[in-house]
Amino acid sequence: MVLMRKLLPLVLVLIILASGCLIKQPARVSFKIDKTVLKPGEDFHVIVTINNTGKVALVGANLLLKDDRFQVLQAPRFPSPLKVGESVELMWILKAPEKPGVYNLYLPLELEDELHRSWGGFYGQFSIRVVKGEVPIPSRGVEMNITVPPEVSGGSEFDVEVSIYNRGANSIDIYNVSLSLLDGMSVVERGRIPSTLQPKSSEKITYRIKAPYRYVSGYISATLRYVSKDTVKTLVESSKTVVIWKPWNVSNAVLMKAYGTKYHWITDEYIVDAYWNQKYNSTSRFNRTALRPYALPLIRRAKSDYEAAVAVYNWISWMSTRKSGNITLDPMEMIERKESFGYTEGQILFTAMMRSLNIPSRIVSLYNGEDCTIDPVSEVYISGKWYVVDFRHGFIGTRDDYLATPYFPRIYQLLTEENYKLVAQSPEEMKGHEHVDVTPEYLVNIDERLSDIVFERLNPTLRSKVNKVLLRLDENERLYALFLFASAPEKDLNNVLGNYSEGRIEKRIKVLYEFYKNMPWSENFMKYWKLFAGEE
């Protein structure tokens, strides 16, 4: 009997091993930092190498910095997806504490796979010393500096200089010099990278960089890998820059390069088509040059198209009321009458003002096959994507963010069950309906887009739990659940899903979906979240 008790655990382990039930970590992860002695507030780099040794692709990595005396200045973009067998090197730029002292820097890393499962258990730990005065120069004798203009204009070309100094007594072999650029930047030309650097010598490499036609701010980093005495070593240096993008200050030639086929959403002289003219007995034709003096004072402090859009949005929101009254489609008439205006007028005026500032904008509305004036919103093209502006619901954000509002599920139902379309107004000849069907742009991969937003809002400890529930639902139930979760305030979402069991979450979703699936959904999906959470 005693022997049987001793053998039983071993037998269980063998059964588990044979069935493949043991959970295997999805990656091998290593951590490095480039400096351990720093000045107060000095920047330094955390380099994390991730090798996918699991069974599915990895789609995200999050460094969970819990010591608020350190600050993350820039996180890397994950090269999604990282397939099985592939590896990647990611770099975080951190800021040291302002107060001198010795700090224990603990760096937990969380990985996310394509099944929305979260994986922990990876961490680096380093002793950081913050000192006053000069930081002692490492004995390695190799230094690197990177020189970057602090500010450049969108679309311009500028130089980044990387200087390498070999102050030691031995030559070094340069394995590689690479740049990490900001989103949208590209290398136009690169100077020669030497293969060897002799003792007591230096070399400067000049990179010609093209800035994107949009606002972006952050650090450009240079990484040097070299061999000294048969040992591979790495140096990293970073410098901050900002790309200023003020399309209201550039020429038409630059605008055409920046926006390509979307340029006409600036120059079109009509906002909406002839159907609107007939319905409201008004015209949306306007002169954007004449409207410009009214828009420019609102954006004095703006450094980007997004900041300009927010400034105009805030002003119109302040001027708007719930009363519709007699609607005019003429933006100048709205300005000159000096009265508050309704939501539809606000959308027309916002679109016209954005065009007067050389920012592509258009009206998007629901179309039931006859009427194309239903629930209009504005779209404005910012940083390479369309943003939605909805005055009726007080919203400004990306399309994906708009999908995750409590107001989109009813629109989705109209599009998929009642043959409505979402159309972008594109009048040219002013003969009846002239619009472009943008419904596919809103509905393509909607479950995946909603899932990304919901899982971003979820506490990491809940992601695996919620994903298990979603995998057990059918396609329609799963999308309903995502709409439900997206409509919840983030704090309530985490509290409720944290307290509910998997079985309870699944059951309540199925019950709600089954009861409401054949009914017109409420315009505000929060109604169903409150039912789910037991608040009603």
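The following legends describe close-up views of a predicted model.

**View 1. A patch of negative charge on the surface.** Eight acidic positions, D401, D447, E448, D452, E456, D474, E475 and E490, gather on the surface as a patch of negative charge. The element that gives the most to this negative patch is helix α12 (residues 446-457), with four residues. Another member of the patch, D401, has its place in helix α9 (residues 399-403). D401 has a relative accessible area of 32% and is therefore partly exposed.

**View 2. Polar contacts of S238.** S238 belongs to strand β17 (residues 231-244). Its side chain makes a polar contact of 2.5 Å with the side chain of H45. The side chain of S238 is also joined to that of S221 by a polar contact of 2.6 Å.

**View 3. The salt bridge between R463 and E110.** In the whole structure, a search finds 29 salt bridges. One of these is formed by the side chains of R463 and E110, with an N to O distance of 3.1 Å. The pair links distant parts of the chain, since R463 is in helix α13 (residues 460-472) and E110 is in strand β7 (residues 101-113), 353 residues apart. Both R463 and E110 are buried.

**View 4. The salt bridge between R285 and E269.** The side chains of R285 and E269 meet in a salt bridge of 3.0 Å, taken from N to O. This pair, too, links distant parts of the chain, 16 residues apart: R285 lies in the loop between α4 (274-280) and α5 (288-295), and E269 in the loop between α3 (264-267) and α4. R285 counts as partly exposed because its relative accessibility is 47%. E269 is likewise partly exposed, with a relative accessible area of 36%.

**View 5. The salt bridge between E506 and R472.** The closest N and O atoms of E506 and R472 are 2.8 Å apart in this salt bridge. Distant parts of the chain are linked by the pair, with E506 in helix α16 (residues 502-516) and R472 in helix α13, 34 residues apart. What is the relative accessible area of E506, and is E506 buried or exposed? The value is 16%, below the 20% limit for a buried residue, so E506 is buried. R472, at 39% relative accessibility, counts as partly exposed.

**View 6. The cis peptide bond between S80 and P81.** Most peptide bonds are trans, and most residues other than glycine have a negative phi. The bond that joins S80 and P81 is a cis peptide bond, with omega about -10°. P81 has its place in the loop between β5 (71-74) and β6 (87-95).

**View 7. Positive phi at K200.** K200 is a residue other than glycine with a positive phi, near 55°. It is found in the loop between β14 (196-197) and β15 (201-210). With a relative accessible area of 64%, over the 50% limit, K200 is therefore exposed.

**View 8. Positive phi at M430.** M430 is not a glycine, although its phi is positive, at about 55°. The residue lies in the loop between β22 (421-425) and β23 (435-437). M430 counts as buried because its relative accessibility is 17%, under the 20% limit.

Key
Residues are numbered from 1 along each chain as its sequence is written. This is a predicted model: local features need pLDDT of at least 70, side-chain atom pairs count only at pLDDT 80 or more; totals for chains, interfaces and linings use all residues. Side-chain values use heavy atoms; hydrogens and water are left out. Patches are made of residues with over 30% relative accessible area and no salt bridge: like charges are joined within 9 Å, nonpolar side chains (Val, Leu, Ile, Met, Phe, Trp, Tyr) within 5 Å. Accessible areas come from the Shrake-Rupley method with a 1.4 Å probe; for residues, only the protein chains shown count as cover. A salt bridge is a side-chain nitrogen of Lys or Arg within 4 Å of a carboxyl oxygen of Asp or Glu. Lys and Arg count as positive and Asp and Glu as negative; His and the chain ends are not counted. The place of a charge is taken as NZ of Lys, CZ of Arg, CG of Asp or CD of Glu. Helices (H or I, at least four residues) and strands (E, at least two) are DSSP runs, numbered from the N terminus. Buried means under 20% relative accessible area, exposed over 50%, partly exposed in between (1.4 Å probe, protein chains only). A polar contact is a pair of N or O atoms within 3.5 Å; within protein, one must be able to donate a hydrogen and the other to accept it, and residues adjacent in sequence count only if both atoms are side-chain atoms.
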